[in-house]
Amino acid sequence: MFMKKTYQITEAGKADLEVELAELKGRRGEIAEKIAVARDFGDLSENAEYDAAREEQGLVETRILEIEDILQNAEIIKSSGTSSVGLGSTVELQCPERTVSYTVVGPVEADPLAGRISDQSPIGKELIGKKIGDEVTIKTPKAEITYVVKSIS
C-alpha cells in the first residue's frame, strides 16, 4: 500500500510557498518567449541560448511540481504551547557568551541562517520536548555548547 508523504509546515511557510509558486508560474511565459527567440537563432544542436532556456524551463517546472506536492500534502504546524518545545515553537537559548533564538519547523521550511531549524536536525532533535530551565548540549564540529532554555513561544 502506497502512503503519501505529509509535509509539516507553518502557516507562514505555506504562505511563502504559495507566493513562490505564483512567481514561478508567472515566469512560464517569459521562459517560453526565451525558447521561441532562441529557436529563431537557427541550428538547435549548437544553440547555447536555447539549451539554457530549456534548462531553466526544466528547473522551474520541477520546482512548481515540488511546491504543488508539498501544498497538497501539507499539515499545518500549530505551536504546541509554551510548556515544552515542539514543532512550531520559537525557543530562546542562552549560554554565557550569547543568546540565540530558533523556530523549530519541518524540513521543508528549514533555513538555519534565518533561525528556522528542522525538527530532524541535530539541534532540533535536542530541543524537542525541552522545557524552560532545561539545559541543552549542542554538538558542533568545533565544540559542544551548553545552552539553557530561557523561553518558549
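User: Happy to be looking at this one! How are helix α1 and helix α2 oriented to each other?
Analyst: In this predicted model, the axes of helix α1 (residues 11–39) and helix α2 (residues 48–72) come within 9 Å and cross at roughly 155°. Angles over 145 degrees count as roughly antiparallel. The two helices, α1 and α2, are therefore roughly antiparallel.

User: Which hand does the crossing of α1 and α2 have, and how do the residues of their contact divide?
Analyst: Where α1 passes α2, the crossing is left-handed. As for the contact of α1 with α2, its residues divide into 13 nonpolar, one polar and 14 charged.

User: Which helix gives the most to the lining of the largest pocket?
Analyst: Good place to look next! The largest pocket holds about 150 Å³ of space. Its lining includes T10, A12, G13, D16, L17 and E20, as well as R63 and R116. With five residues, the helix that gives the most to this lining is α1.

User: How many residues of that lining are charged?
Analyst: Among the lining residues of the largest pocket are D16, E20, R63, E109, D111 and R116. The lining divides into four nonpolar and two polar residues, and the number of charged ones is six.

User: What is the distance between the end C-alpha atoms of residues 83–153?
Analyst: The UniProt record, an unreviewed entry, places the feature "domain: Transcription elongation factor GreA/GreB C-terminal" at these residues. The span is 8% helix and 41% strand. Its end C-alpha atoms lie apart by 9 Å.

Methods: Residues are numbered from 1 along each chain as its sequence is written. This is a predicted model: local features need pLDDT of at least 70, side-chain atom pairs count only at pLDDT 80 or more; totals for chains, interfaces and linings use all residues. Side-chain values use heavy atoms; hydrogens and water are left out. On a 1 Å grid over the protein atoms alone, a cavity is a set of points where a 1.4 Å probe fits but cannot get out, and a pocket is an open set with protein on both sides within 12 Å along at least five of seven lines; lining residues have an atom within 4 Å of a point. Grid points are joined across faces, edges and corners, and a volume is the space filled by probe spheres set on the points. Helices (H or I, at least four residues) and strands (E, at least two) are DSSP runs, numbered from the N terminus. Ala, Val, Leu, Ile, Met, Phe, Trp, Tyr, Cys and Pro count as nonpolar, Asp, Glu, Lys and Arg as charged, and the others, Gly among them, as polar. Axes are lines fitted to C-alpha atoms, for helices over the stretch in contact, and angles run from 0 to 180 degrees between N-to-C directions. Angles under 35 degrees count as roughly parallel, over 145 as roughly antiparallel, 65 to 115 as roughly perpendicular and the rest as oblique. A crossing is left-handed if the near helix is turned anticlockwise from the far one by less than a right angle, and right-handed if clockwise. UniProt positions are given in the numbering used here, feature names are shortened, and annotations may be inferred rather than shown by experiment.
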